Amino acid sequence: MLVFLDESWDTGFKFDKESSKYFSIWIVMFNENEDAEDCDKRIDLLKKELGKQTNFEFHYAKSSNKIREAFFSAVSPYNFFYYGIVINKTELYSEWLKIKESFYKYVCSLVFENAKEKIENATIIIDKNWSWQFEQQLQTYLKRKFNGDWIKKIKKVKMQHSHKNNLLQLADYIASGINRRSTTTDKEE
């Protein structure tokens with residue numbers, strides 16, 4: 001099983017200095033590696049169809065509506081599912097959660113808790129925005145929380161740059177697309 005994780009908005013709590021009110025994490029899950037490989041190849045093909053370079057990164061916030069529609073249309077036939085969580089940071093009062101690493105681990109644990117019935121022996125791939133030390137901390141934290149003596153929900157956690165991983169780009173599109181839809185009024189669309 002392959003799981004790709006991306007977040008939207010920021011982990012900051014300085015609301016008077018441009019921190020976002022919300023933070024969300026979304027995971028895109030493939031039960032079969034073959035399904036993930038097929039979807040990855042389709043995204044590569046879409047780049048060619050759109051006349052983009054092979055190293056082009058699909059990033060929702062930087063894409064036109066035309067590219068967004070083409071992307072979602074291209075990936076819609078593939079077998080994946082997703083889970084996510086949106087947090088209103090202004091409603092959190094714990095000082096511990098205002099430490100960005102603690103907050104990030106906590107929100108990750110919430111989304112994996114929601115999806116734990118579907119997760120088994122998963123390799124988790126996260127967009128590389130963190131240090132290798134934090135990567136190790138996060139892997140240890142998630143494994144301790146979701147693995148037991150007889151149950152192995154999480155095999156490995158690794159970080160990769162999204163510009164080198166089409167399926168992290170898929171997670172970005174899912175996260176940003178749903179977040180945009182859930183926080184945009186009809187007048188803004």
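Which residue in E4 is the bridge partner of leucine 5? In this predicted model, the partner is isoleucine 126. The contact belongs to a parallel pairing, in which 4 bridges join strand E1 (residues 2-9) to E4. E4 also runs parallel to strand E5 (residues 154-160), and 6 bridges join these two. Here alanine 122 has isoleucine 154 of E5 as its bridge partner. Between E4 and E5 the chain passes through helix H4 (residues 132-146), and this β-α-β crossover is right-handed.

Ala122, Ile124 and Ile126 point one way from the strand. Thr123, Ile125 and Asp127 point the other way.

A search of the whole structure finds 18 aromatic pairs. One of them joins phenylalanine 71 and phenylalanine 72 edge-to-face, at 6.1 Å centre to centre with 80° between the planes. Phenylalanine 71 is buried, at 0% relative accessible area. Phenylalanine 72 is partly exposed, at 29%. Tyrosine 104 and phenylalanine 134 have ring centres 6.0 Å apart and planes at 65°, so this pair is edge-to-face. Tyrosine 104 lies in helix H3 (residues 100-115) and phenylalanine 134 in helix H4, so the pair ties together parts 30 residues apart in sequence. Both residues, tyrosine 104 and phenylalanine 134, are buried. Ring pairs also link Phe56, Phe58, Tyr60, Phe71, Phe72 and Tyr173 into a cluster.

Lysines also sit over rings. The charged end of lysine 105 lies over the ring of tyrosine 141, 5.5 Å from its centre. Lysine 118 lies over the face of phenylalanine 81, at 5.9 Å from the ring centre.

Note on methods: Residues are numbered from 1 along each chain as its sequence is written. This is a predicted model: local features need pLDDT of at least 70, side-chain atom pairs count only at pLDDT 80 or more; totals for chains, interfaces and linings use all residues. Side-chain values use heavy atoms; hydrogens and water are left out. Buried means under 20% relative accessible area, exposed over 50%, partly exposed in between (1.4 Å probe, protein chains only). Two strands pair if DSSP finds at least two bridges between them. A crossover is right-handed if, with the strands pointing away from the viewer, the path from the first strand over the helix to the second runs clockwise. Rings of Phe, Tyr and Trp (its six-membered ring) pair if their centres lie within 6.5 Å; planes under 30 degrees apart count as stacked, over 60 as edge-to-face and the rest as tilted. A charge sits over a ring if NZ of Lys or CZ of Arg is within 6 Å of the ring centre and within 35 degrees of the ring normal.
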